[in-house]
Structures are given as structure tokens and as C-alpha cells.
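Okay, everyone, thanks for coming. Let me put the structure up, and then I'll talk you through a sheet and the domains.

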Amino acid sequence: MTRLTRADLDALPSYVPGRSPADLARELGLSEAIKLASNEVPYGPLPGVVEAITEAASTVHRYPDMGVLALRTTLAERHGVDLDRVATGCGSVALCEHLARATCLPGDEILYSWRSFEAYPIIAATTGAASLRVPNNAGHGHDLDAMADAITDRTRMVLVCNPNNPTGTSVRRAQLDRFLDAVPDDVLVVLDEAYREFVTDTDVPDGLRAYGDRPNVVVLRTLSKAWGLAGLRIGFLVAQPEVAAAVRKVVTPFSTSTTAQAAALAALQQSEEVHRRCALVVSERDRVTEAVRKLGIEVPDSQANFVWLPLGDQSAAFGAACEARGVIVRPFQGDGVRVTIGTPAENDAFLAAAEAALA
Ligand code: PMP
């Protein structure tokens with residue numbers, strides 16, 4: 001057949017959505033399977049969110065507010081920045097892609113640590129940019145000094161994932177200060193803080209507060225994780241006005257839906273409940289980390305809502321063994337396994353499966 005699509009995409013790995021719990025439960029003959037594979041929070045939509053979506057549903061025959069004014073205003077006030085510095089998108093992953101489109105021409109470079117978020121190489125490749133990958137350090141985190149050294153004349157954007165998906169590691173204030181001082185002014189630094197709400201180490205900087213005024217820094221956040229809106233696809237960024245305006249130009253029109261806007265406004269009124277839920281996740285994260293370490297695995301400290309098991313060649317087999325026991329985790333072949341923190345009962349089921357898998 002005549003080729004219709006780009007040949008270079010053949011070699012590009014797909015984003016892996018993870019196994020469906022319903023399919024696995026059916027296969028194993030269980031009433032339900034446990035999904036600890038996508039870094040969601042397990043407690044259901046926040047109070048008021050379903051009502052807000054229901055109310056917004058009566059207007060879905062109309063396009064959404066493309067300016068996303070009410071939500072952007074709320075976010076701007078919440079973070080103490082001007083409205084023109086805020087942009088929203090169909091998940092923060094879409095915003096990351098928009099930033100690449102807004103900064104890179106074919107042949108330019110996007111620099112990131114590896115292993116990190118699996119969308120980064122896909123975003124670079126589909127933008128036509130080259131991926132410059134700096135290997136993670138021995139502790140599974142970013143080597144910011146090596147990243148600064150790797151910047152070339154063609155580097156347009158650097159991605160710093162803090163905390164890092166999938167390893168849970170984070171970079172500290174002094175390291176990041178030094179790194180940002182070393183990056184040339186014409187290179188955009190994206191601080192991807194999808195897991196910010198789970199950070200408890202006070203030495204891990206909040207990018208918005210610490211670096212929001214640096215002209216070449218963009219902070220990416222999402223409502224998919226702590227705020228429980230993964231299914232509605234909504235993220236936001238804070239950048240200098242020119243960068244935010246460029247992003248709003250390349251954004252897919254109307255990609256922040258009416259229901260997403262309404263749900264996000266309702267969710268953002270629930271800060272206290274979000275803090276309560278995050279505290280539960282954090283205490284479970286620490287419990288799971290200790291328990292897995294007792295099984296002999298060197299789990300790096302996590303500041304996110306997941307833990308990383310650096311199992312190397314055993315990763316795929318470990319993932320399969322957990323699935324056979326009804327628990328879906330996220331293996332990265334040849335490297336490690338990422339396990340999302342769920343409810344205490346879900347975590348117990350994972351720990352039992354892990355013990356059996358490693359026996
Ligand atoms: N950044 C990181 C580091 C992530 O792990 C994720 C989700 N897995 C995202 C961004 C994207 O989240 P969303 O598109 O749901 O906002």
C-alpha cells in the first residue's frame with residue numbers, strides 16, 4: 001500500500017495507557033481488578049464536582065468559553081499572577097506539546113533527563129525536534145549539572161520533571177537555582193510539576209513561588225492527579241505573557257471543554273479536602289516504600305503519589321506476576337516498575353502480590 005504517514009513515526013513508542021481493570025478482572029474471573037498504573041488518586045471526584053458537571057451539561061450544544069476566563073481568573077488569583085500569564089489545555093501533556101510547538105522548529109532540540117515522563121520523546125518527535133537525553137543519576141533522579149552541560153545552540157526547551165515520573169525523585173532548591181542560572185536566557189525551562197501537591201520535602205521548591213518571575217521559566221500543573229479530574233483532561237501553565245500568548249495561539253481551539261472548566265472551578269473550591277486526601281496518599285506512600293524496601297528492593301524516596309521499583313530485567317515479569325494477582329502496575333521494560341499509591345486496601349493487595357512475585 002502507498003505510504004500515507006511519516007515513516008519516522010514507525011520507530012516511535014506509543015504512549016501506553018495501561019491495562020483495563022475490567023478486562024483483567026474478566027480474564028481472572030474476579031469481581032474487580034486493582035489499577036495502580038496511572039498515578040490517579042483513588043478517592044472519586046471531589047465534592048461538588050459531579051453537580052457542576054451536571055449543571056454545565058445543559059449548555060454542551062454550545063462551544064466552551066475559548067478564553068477560559070472564569071477558570072484562568074481563579075487560577076491567576078490563586079497563584080498571585082496576572083491573568084495573561086495563565087493558559088489551560090487538554091491536560092498538561094497537551095500544554096507540553098503546545099510549548100514544544102511554540103518554541104521548536106524542525107531540527108531544534110528538546111533536552112530532558114531519562115528516564116522521565118514517557119510523553120516527552122513523543123512530543124519531541126511529533127514536533128520535529130530532536131530529543132537530547134541525559135541519563136538519570138545513580139539515585140534515579142535528574143543530573144542537572146550534566147543537563148546544563150548538554151545544552152547546545154539548537155536547544156530550545158528543557159524539561160525538568162519535579163517530582164520525576166516514573167522514579168518519584170525530586171530536585172532541590174540549591175541544585176535548581178544553580179541550573180537555572182546556567183541555562184541561557186533564550187532557552188525555555190519547563191518545570192513539569194504534575195505531582196506538586198504530594199511534595200512534603202520543604203527543600204523541593206514550588207516552581208511558581210520560587211521561579212515564577214524568571215522570564216524563561218514555565219510551570220506546568222495538572223488537575224488530573226491531586227484534584228481528581230484525570231477523565232476531564234485539564235491542565236494549566238504559568239509563564240511570561242508572551243509565552244502564554246504563544247501557547248494560546250497554537251492550542252487546539254476549544255480544547256478545554258465546558259464540563260472541564262466547570263468541574264475545575266468546583267474542584268478548586270475544595271483545597272482542604274485535597275490536602276486531606278494528599279496527606280493520606282503521602283502516609284501510604286511512606287508505608288509502601290518501607291514495606292517494599294523490606295522485600296530487598298532499593299526504592300528511591302518518592303515525593304509523588306507513586307513509587308519506583310528499579311527491578312531492571314525483572315520488571316516485565318514482576319508486572320505480569322502482579323497482574324496475575326489482580327493488581328495492575330506499570331512496568332517499564334528492562335528498567336523498573338512504577339506503582340501508584342492507592343487506598344490502604346489496594347496497597348495491601350499490591351504488597352501481597354509483590355511479596356509473592358519476588359518469592
Ligand atoms: N506530566 C507528568 C510528569 C505526568 O506524569 C503526567 C501524567 N502522567 C502529565 C504531565 C500529564 O498529565 P495530564 O495530561 O493528565 O494533565
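**The sheet and its surroundings**

So, here we have an open sheet of 3 strands, ordered S9-S12-S11, with antiparallel pairing. Strands are DSSP runs (E, at least two residues) and helices likewise (H or I, at least four), numbered from the N terminus; two strands pair if DSSP finds at least two bridges between them. Quick caveat: this is a predicted model, where local features need pLDDT of at least 70 and side-chain atom pairs count only at pLDDT 80 or more, while totals for chains, interfaces and linings use all residues. Numbering starts from 1 along each chain as its sequence is written.

S9 and S11 are the edge strands, each pairing on one side only. Between S9 and S12 (residues 336–340) there are 4 bridges, and Phe 306 has Thr 340 as its bridge partner in S12.

Now the domains, whose bounds come from an automatic or database assignment. Domain 1 is 7–36 + 271–358, and domain 2 is 49–267. Their centres, taken over C-alpha atoms, are 24 Å apart. Domain 1 puts 21 residues into the contact and domain 2 puts in 24, where contact means C-beta atoms, placed from the backbone, within 7 Å.

Which elements each supply at least two residues of the side of domain 1 that touches domain 2? Helix H11 (271–294), S9 (306–309) and S11 (330–332). H11 gives the most, with 4 residues.

Note on methods: Two residues are in contact if their C-beta atoms, placed from the backbone, lie within 7 Å.
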